[in-house]
Number of protein chains: 2
Amino acid sequence: MPRRAGLTAQKVVELALSIVDSAGLDGLTLARVAEAAGVATPSLYKHVAGLPDLRERVARVVLAGLTDRTREAVIGVSGDDAIRALMDAYRSYLVEFPNRAGFLISPPPTVDPREDLLAVVLAVLRGYRLEGSEAIHAARILRSSVHGFASLEAAGGFGYREDLDESFRRLAGVIVMGLRERV
Amino acid sequence: MPRRAGLTAQKVVELALSIVDSAGLDGLTLARVAEAAGVATPSLYKHVAGLPDLRERVARVVLAGLTDRTREAVIGVSGDDAIRALMDAYRSYLVEFPNRAGFLISPPPTVDPREDLLAVVLAVLRGYRLEGSEAIHAARILRSSVHGFASLEAAGGFGYREDLDESFRRLAGVIVMGLRERV
DNA sequence: GGCATTGAGCTAACTACATTAGCTTAATGG
DNA sequence: CCATTAAGCTAATGTAGTTAGCTCAATGCC
């Protein structure tokens, strides 16, 4: 085993993320990250400031990943289809990485990385001629509903797994109609 | 200080709940509950099986409280007003007790206490002539959207506090319309 | 090439917490 | 009045986060 493991903050965060995916939110401990990195626990402090800091870094990566996926999903799509694409992207991210849901509702960190996701949503809403405060309300409606569905699904919060796709399709339909009709 | 503190499982859970309300989800520790009860930590094991058990008990109380409030909110109300009342009740519970939000998406315990809340929702939906699988989809739409909004709000997930009432009013409007129009 | 500086990693030690084992004793009921 | 039960205790163990301070490998400068 080499004296220098060549760790970086980024590698630590990547390891943390894979631990979250396999062991859940509560499974993320510095001890486990250190073990995965082949390093003693206190050594991690050379790269991150502690567990809260690591959590915040992981949260940023998660949010960035979701934002990227969402951004790509709406390329070349507009109107109702863009709304559906947005919602599908958000949900599918949490279906793929259910343990990451907890990082999407964290207390506001120093600099808010949610702005980027909001920007994508607002861009789509502009296709509905929704702007300014109207667009903010619409974005909240959109985010609330899709976040609610996806995080309940990720946590196993729905009784039955059956027909979840159909439920989600209907939810998207309701939202699309609501936004179109300017409720 | 009397030799017997006269603790019961119920009192332990009540103390735990008030700690959650004041110190947050992560602030709930056996050590803190014991201190509040005027008892040594291991003594709690005479009443609850451990921290996971205590959490589950707290989750049940939270869900029961929400269910009660929701049930009362829809007494003597029907149709669109009932939907709005339902949504308002859910949200206002989390506005009042934001730290309890985390207990509303827990992995399914042994016996599922969410059935009661679902029953209330389904009763309201019957006022829309929504039954069977249609009602299940509608209930999920309702719960997803209100839970998403309320838990994002509770976690400070929205950038600005201003206009949250208006945003929620619009969300309710969208959902009511969607359910009415059978999307 | 030698040497000073830097910083990555280490061990040791401390804290907080959950949990288990086993003791003590107050309350209760026959 | 005594036997039983159970509520509370102390002691001890294990895990985790964190801090302090040491060591030495890598780097760059002379």
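Student: What rotation superposes chain A on chain B?

Tutor: This is a predicted model, in which local features need pLDDT of at least 70 and side-chain atom pairs count only at pLDDT 80 or more. Residues are numbered from 1 along each chain as its sequence is written. The copies are superposed by least squares on the C-alpha atoms of residues with pLDDT of at least 70 in both, and the RMSD is 0.1 Å with 0.0 Å of shift along the axis. That is the relation of a two-fold axis, and the rotation is 180 degrees.

Student: How many residues does the contact take from chain A?

Tutor: Contact means heavy atoms within 4.5 Å. In chain B, 35 residues take part, and 100% of the contact residues of chain A recur in chain B. The contribution of chain A is 35 residues.

Student: What area is buried between chain A and chain B?

Tutor: Buried area is the accessible area (1.4 Å probe) that two parts lose on being put together, summed over both. Carbon and sulfur atoms give 65% of this area. The total is about 3300 Å².

Student: Which residue of chain B forms a salt bridge with R170(A)?

Tutor: A salt bridge is a side-chain nitrogen of Lys or Arg within 4 Å of a carboxyl oxygen of Asp or Glu. Between chain A and chain B the count is two. In one of them, the closest N and O atoms are 2.8 Å apart, and the partner of R170(A) is E134(B).

Methods: Chains lettered and ligands numbered in written order. Heavy atoms only, no water.
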